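Subject: A structure for you to look at

Hi,

Here is the structure I promised to pass on. Please open it in your viewer and keep it beside you while you read my notes below.

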Amino acid sequence: MVSSTHVSVGLVGVCRIGPEVHEHIDKGMFERLGLPHWMITYSSEEYIAATVRLIDDYEERLALRKYIVENNKINRLFTGRPNLFGEEILRLVADV
């Protein structure tokens with residue numbers, strides 16, 4: 001798993017989607033950062049293949065790192081409309 005801390009220094013990795021909530025958060029983070037879809041995996045086999053791809057392909061790994069760092073992609077994780085979550089919670093509570 002690659003956290004926003006890792007991404008902020010240009011470390012790239014692979015995420016695997018499973019039943020846990022945090023695994024789906026990783027998927028959303030990878031998509032929001034604009035990382036390639038092959039880095040989001042759904043099985044152990046896909047995860048291993050994607051990880052080996054990153055290990056074996058220095059140029060691709062470096063290009064992904066440069067994409068994240070040079071475009072300051074980490075800031076993308078902290079933009080948007082955070083008030084929507086609170087508004088939705090208030091709506092749900094009001095409906096009870």
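To start with a definition: a salt bridge here is a side-chain nitrogen of Lys or Arg within 4 Å of a carboxyl oxygen of Asp or Glu. Keep that cut-off in mind for Glu23, which sits in helix α2. Glu23 is buried but forms no salt bridge, and the nearest side chain of opposite charge, that of Arg16, is 5.2 Å away. Apart from neighbours within four places in sequence, Glu23 contacts Arg16, Ile17 and Gly18.

Do bear in mind that this is a predicted model. The mean pLDDT of the chain is 84, and 92% of the residues score at least 70. Confidence is lowest in helix α1 (residues 4-8), with a mean of 60, and highest in α3, with 95.

Now the overall layout. The chain contains five helices and two strands, and from the N terminus the order is α-β-α-β-α-α-α. The radius of gyration is 16 Å, well over the 12 Å that the globule rule gives for 96 residues, so the chain is more spread out than a compact globule. The C-alpha trace spans about 55 × 30 × 20 Å along its principal axes. Of the 96 residues, 27% count as buried. Among contacts with a separation of 6 or more, 62% are between residues 24 or more positions apart.

Which residues touch the most other members of the largest nonpolar core? They are Val12, Phe30, Leu35, Met39, Leu54 and Leu64, out of 14 residues in that core. The elements giving two or more residues to this core are α2 (21-33), α3 (44-56) and α4 (58-70), and α2 provides the largest share, three residues. As background, nonpolar side chains tend to be buried together in soluble globular proteins.

Tyr42 and Arg16 are 26 residues apart in sequence, yet their C-alpha atoms are 5.5 Å apart in space. Leaving out residues up to four places away in sequence, Tyr42 touches Arg16, Ile17 and Lys27. Is Tyr42 buried or partly exposed? Its relative accessibility is 47%, so Tyr42 counts as partly exposed.

On the charged side chains, the count comes to four salt bridges. Lys27, one of the residues that Tyr42 touches, pairs with Glu31, with the closest N and O atoms 2.8 Å apart. Because Glu31 and Lys27 are four residues apart in helix α2, about one helical turn separates them. Both ends of this pair are partly exposed: Glu31 has a relative accessible area of 37%, and Lys27 is at 21% relative accessibility.

Another salt bridge joins the side chains of Glu60 and Arg53, also with an N to O distance of 2.8 Å. Here Glu60 is buried, at a relative accessible area of 19%, while Arg53 is partly exposed at 36%.

Further along, Asp95 forms a salt bridge with Arg91, the closest N and O atoms being 3.0 Å apart. Asp95 is exposed at 55% relative accessibility, and Arg91 is partly exposed with a relative accessible area of 41%. Through salt bridges with shared partners, Glu88, Arg91 and Asp95 are joined into one network.

Happy browsing, and write back whenever you like.

Best wishes

Definitions and conventions
Residues are numbered from 1 along each chain as its sequence is written. This is a predicted model: local features need pLDDT of at least 70, side-chain atom pairs count only at pLDDT 80 or more; totals for chains, interfaces and linings use all residues. Side-chain values use heavy atoms; hydrogens and water are left out. A nonpolar core is a set of buried Ala, Val, Leu, Ile, Met, Phe, Trp, Tyr and Cys residues joined through side-chain atoms within 4.5 Å. Buried means under 20% relative accessible area, exposed over 50%, partly exposed in between (1.4 Å probe, protein chains only). pLDDT is the predictor's confidence in each residue, from 0 to 100. Lys and Arg count as positive and Asp and Glu as negative; His and the chain ends are not counted. Contact means heavy atoms within 4.5 Å. The radius of gyration is taken over C-alpha atoms; the globule rule is 2.2 Å times the number of residues to the power 0.38.
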